[in-house]
Amino acid sequence: MDIRMIHFQSHDDDRGCLVVAETMKEIPFDIKRLYYIYDVGKDKERGFHSHKRLEQVYIGIHGSMKVTLFDGKERKEVILDNPKQGLYIGHDVWRTITDFSPDAVLLVAASEHYSEDDYIRNYDEFVASLNK
Ligand code: T46
């Protein structure tokens, strides 16, 4: 599965923590878009789609959330609860994000501008796309 955890550089001292993620270093693509998700209600779920070309890095800036990933062969669950780490997700991975804590903030760095054409939002279509 084309996912991996990225460990960011952190400069911690008695003033707090400063975390750095540089494009083409820790983030393995040129960032074209940033967005963030917060204030997710109890038991609400997000995602339920794959992307045809888009690569992303998810950073659990605050609180915690669970990311469930499936590439047609294996299924993985990752808890994001450390702002010093990012989860890289390549294309063709079905993802759902659940179990947001009330204070959760999910920051996403994306390799492409927003395009609805890049989404596969139907699970059967996703499975069919893997066999092409
Ligand atoms: C992902 C997870 C973590 C835009 O207009 N521009 C954007 O850049 C994005 C990401 C979304 N939108 C619009 C499209 C929908 O009308 O915002 C609305 C909500 O988007 P969506 O239902 O796709 O939200 P999530 O949380 O299910 O998924 C989003 C991203 O789409 C997805 O790539 O990995 O956040």
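A polar contact is a pair of N or O atoms within 3.5 Å; within protein, one must be able to donate a hydrogen and the other to accept it, and residues adjacent in sequence count only if both atoms are side-chain atoms. The model is predicted: local features need pLDDT of at least 70, side-chain atom pairs count only at pLDDT 80 or more, and totals for chains, interfaces and linings use all residues. Residues are numbered from 1 along each chain as its sequence is written, and side-chain values use heavy atoms, with hydrogens and water left out.

**View 1. Polar side chains at the ligand.** Oxygen atoms of the ligand lie 3.4 Å from a polar side-chain atom of H49, 2.6 Å from one of R46 and 2.9 Å from a side-chain N or O atom of Q56. The protein buries 67% of the 650 Å² that the ligand exposes when taken alone (Shrake-Rupley method, 1.4 Å probe).

**View 2. The shell around the ligand.** Among the 14 residues around the ligand (a heavy atom within 4 Å), R33, R46, H51, Y58 and Y119 come nearest. Strand β5 (46-51) gives the most to this shell, with four residues. Strands here are DSSP runs of E, at least two residues, numbered from the N terminus.

**View 3. Surroundings of H51.** Beyond four places in sequence, H51 touches Q56, H91, D92, V93, R95, D118 and Y119 (heavy atoms within 4.5 Å).
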